[in-house]
Amino acid sequence: MPHRPHTPVVLEPEYIEGFRQIYEEKIVFNQTIGLKLVKVTPEGIEARIDMRPELVGHFAYNRIHGGVISAALDAIGSAAVMAALAAKHMDEPPAKRLERFAKLGTIDLRIDYLRPGIGEFFTIHAEALRVGSRVGTSRMEFRGPDGTLMSAGAAAYIVS
């Protein structure tokens, strides 16, 4: 059989806006750390955090707190799973797919801190590796302003 190219699923603006509201506003802790979504697709999520004095974990070096890194990676890892899950259920209206967020929970989270988190801003990338009927997994990266990998993570999430 001939190989057919994969046609990427495009999430509707209504879904993207609801998704953004959940991750940037309704999850108040994400708002506290200044997490902003830059790109939302079923293939991956990109977000950004601007460094602020409230996020310092080591005062002598002006490093971002490891807990902020962990929380950001967890949030964007779950976002990647939710976006991939939404793409699997395009037969449902956007509001119904957004309701699936209520069942999302972190099962396992692993973070490797590779370099000190020093910079004016940070980007967080995540992709879903697999999304099944009950569990989704993702891989995440936390990068500095020049693109240097500072931390990496992997996670599993309950989705039903």
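Predicted model: local features only at pLDDT ≥ 70, side-chain atom pairs only at ≥ 80, totals over all residues.

Me: OK, and where is Asp74 found?
Reply: Asp74 is found in helix α3, which covers residues 66-88.

Me: What is Asp74 in contact with, leaving aside its neighbours in sequence?
Reply: Once neighbours within four places in sequence are set aside, Asp74 has contacts with Thr106, Leu109 and Tyr157.

Me: Switching to strands. How do β5 and β8 pair?
Reply: Strand β5, residues 105-113, pairs with β8 in the antiparallel sense, over eight bridges. As an example to look up, Asp112 is opposite Ala152 in β8.

Me: And how many bridges join β7 to β8?
Reply: Nine, and these two strands also run antiparallel. Met140 has Gly153 in β8 as its bridge partner.

Me: What do β7 and β8 form, and what is the phi of Gly147 there?
Reply: They form a hairpin with five residues between the strands, and Gly147 in the turn has a positive phi of about 90°. Gly147 sits in the loop that runs between β7 (135-143) and β8 (149-158).

Me: Why does Gly147 count as partly exposed?
Reply: Because its relative accessibility is 31%, and partly exposed covers the range between buried, under 20%, and exposed, over 50%.

Me: How far apart are Gly147 and Thr123?
Reply: In sequence they are 24 residues apart, and their C-alpha atoms are 8.0 Å apart in space.

Me: Next topic: the largest nonpolar core. How many residues does it have, and which have the most contacts inside it?
Reply: It has 42 residues, and those with the most contacts inside it are Phe19, Leu35, Ile45, Ile124 and Phe142. At least two core residues come from each of α1 (13-26), β1 (36-41), β2 (44-50), α3, β6 (121-131), β7 and β8.

Me: Which element supplies the largest share of this core?
Reply: That's α3, with 14 residues.

Me: What does Leu35 touch?
Reply: Not counting residues up to four places away in sequence, Leu35 touches several residues, including Ala47, Ile49, Ala72, Ala75, Ile76 and Ile124. Glu24, Asn30 and Arg48 are also among its contacts.

Me: Back to charges. How many salt bridges are there in the whole structure?
Reply: A search of the whole structure finds ten.

Me: Which residues are linked in a network of salt bridges?
Reply: Glu17, Arg20, Glu24 and Glu25 are linked that way. Glu17 bridges to Arg20, with their closest N and O atoms 2.7 Å apart. Both residues lie in helix α1, three residues apart, about one turn of the helix. Arg20 also meets Glu25 in a salt bridge, at 3.0 Å from N to O.

Me: Which residue does Glu127 meet in a salt bridge?
Reply: Its partner is Arg139, at 3.8 Å from N to O. Glu127 is in strand β6 and Arg139 in strand β7, so the pair ties together parts that are twelve residues apart in sequence. Glu127 is partly exposed at 35% relative accessibility, and Arg139 is partly exposed at 45%.

Me: Last one: what feature does UniProt place at residues 62-149?
Reply: The unreviewed UniProt entry gives "domain: Thioesterase" for that stretch. Over residues 62-149 the chain is 33% helix and 36% strand, and the end C-alpha atoms are 18 Å apart.

Terms used:
Residues numbered from 1 in each chain as written. Heavy atoms only, no water. Helix = DSSP H or I, 4+ residues; strand = E, 2+ residues; numbered from the N terminus. Contact = heavy atoms within 4.5 Å. Buried < 20%, exposed > 50% of the residue type's maximum accessible area, 1.4 Å probe, protein only. UniProt positions renumbered as here; feature names shortened; annotations may be inferred. Pairing = 2+ DSSP bridges. Core = buried A, V, L, I, M, F, W, Y, C linked by side-chain atoms within 4.5 Å. Salt bridge = Lys/Arg side-chain N within 4 Å of Asp/Glu carboxyl O.
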